[in-house]
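Please keep the sequence and the coordinates at hand.

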Amino acid sequence: APHSTPPTQGDPATQSPAATQTPAQTTTPTQRGAVPLAEARIGVADLAVTRGDGIFESIGVIDGRFIELDRHLRRLEHSAALLDLPRPDSAAFAEAARRGLDAHSAEPELLVKLFYSRGIEGAGIPSGWVEVLTGDDHRAARSTGIRVVTLDRGYRHDIAQTSPWLLQGAKTLSYALNKAALREAARRDADDVIFVSTDDVVLEGPTSNVLVRHGDLFRTPRTDLGILAGTTQAAVFETLMARGFETIEAALSVADLASADAVWLLSSGRLLAPVRELDGQAMPVDREFSESLLTETFGVHP
Ligand code: PLP
């Protein structure tokens with residue numbers, strides 16, 4: 001059989017995926033050990049490759065410590081259910097993630113990606129693997145902030161209820177349009193995107209959730225709006241609640257963003273990025289507050 005090209009993100013020499021094969025009908029997946037990225041192989045007929053028919057998770061690792069691992073594993077299971085995939089073996093994924101991390105050189109911040117695919121077409125056996133890579137440098141985004149544009153997502157806010165087959169709320173491997181939206185942001189001289197429904201409801205970023213502050217009230221778009229339930233958002237809400245702030249999942253408009261005291265994009269890896277410009281308009285950034293949230297929630301200094 002022809003060999004697939006291995007994943008190519010970052011410097012192959014510093015990456016160590018741990019691969020697992022997960023037969024659908026057994027409870028014990030066959031596991032392979034960690035291998036350097038350049039030696040990792042995925043079948044060219046794997047439906048992850050040919051159709052993007054699979055799911056994934058990106059998990060931040062700080063000083064060797066997984067950020068919100070359980071929430072990521074639960075979300076992987078949730079995505080699998082939405083795609084009618086067999087329930088993934090979370091314990092096997094967690095074990096593979098640890099082995100991948102052990103095989104990787106220690107760095108202050110790493111990213112661990114879990115992949116779970118429908119497998120080789122026709123075989124009926126899902127495949128799974130883990131990739132460990134050095135994350136991007138997020139220091140500037142976390143401290144001085146990012147420039148964001150709103151973009152039309154092309155569907156109504158109630159898509160998850162009207163059209164569940166569109167898989168909103170699942171973290172699928174079909175991220176071509178998410179990446180296209182980020183290129184559109186770059187064309188508009190911005191760093192990132194906030195998607196808005198055709199009926200003016202704020203949704204999410206291509207790889208992040210939105211957090212909006214008005215005084216002591218912090219709001220994030222409701223997860224029934226066809227968006228991903230964010231692990232970073234959940235962790236930040238816990239900190240805000242512990243500090244006595246009001247936290248609500250809501251339906252927000254673009255006007256709510258424009259009038260906010262602060263807006264952030266929240267995501268694994270970058271964690272907390274204040275929005276310093278929205279559609280060309282300067283937004284207030286409270287660096288001290290933002291950095292204290294980052295430190296208290298994740299033990300990270302920008
Ligand atoms: N929304 C989308 C579409 C995403 O891809 C992501 C993460 O990559 C998020 C939200 C944020 O989720 P998390 O904080 O769990 O990374």
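Asp216 counts as exposed because its relative accessibility is 53%; the classes used here are buried for under 20% relative accessible area, exposed for over 50%, and partly exposed in between, with a 1.4 Å probe and protein chains only. This is a predicted model, in which local features need pLDDT of at least 70 and side-chain atom pairs count only at pLDDT 80 or more, while totals for chains, interfaces and linings use all residues. Residues are numbered from 1 along each chain as its sequence is written, and side-chain values use heavy atoms, with hydrogens and water left out.

The partner of Asp216 is Arg213: the two form a salt bridge whose closest N and O atoms are 3.9 Å apart. A salt bridge is taken as a side-chain nitrogen of Lys or Arg within 4 Å of a carboxyl oxygen of Asp or Glu. Side chains of opposite charge can pair when their charged atoms come close. Arg213 has a relative accessible area of 15% and is therefore buried. The structure holds 19 salt bridges.

Another of these pairs is Glu57 with Arg75, with 2.8 Å between the closest N and O atoms. This pair links distant parts of the chain, since Glu57 is in strand β3 (residues 54-62) and Arg75 is in helix α2, 18 residues apart. Helices (H or I, at least four residues) and strands (E, at least two) are DSSP runs, numbered from the N terminus. Both Glu57 and Arg75 are buried.

Helix α2 also contains Arg74 and Glu77, 3 residues apart, or about one turn of the helix. Their side chains meet in a salt bridge at 3.4 Å, N to O. Which side of this pair is buried, and which is partly exposed? Arg74 counts as partly exposed because its relative accessibility is 45%, whereas Glu77 is buried because its relative accessible area is 13%.

Salt bridges also join Glu68, Arg71 and Glu238 in a network. Glu68 is found in the loop between β4 (65-66) and α2 (69-82). With a relative accessible area of 23%, Glu68 is partly exposed. The backbone of Glu68 has a phi near 60°, a positive value in a residue other than glycine.

Asp279 likewise has a positive phi, near 45°, in a residue other than glycine. Its place is in the loop between β13 (271-278) and β14 (281-282). Asp279 counts as partly exposed because its relative accessibility is 35%.
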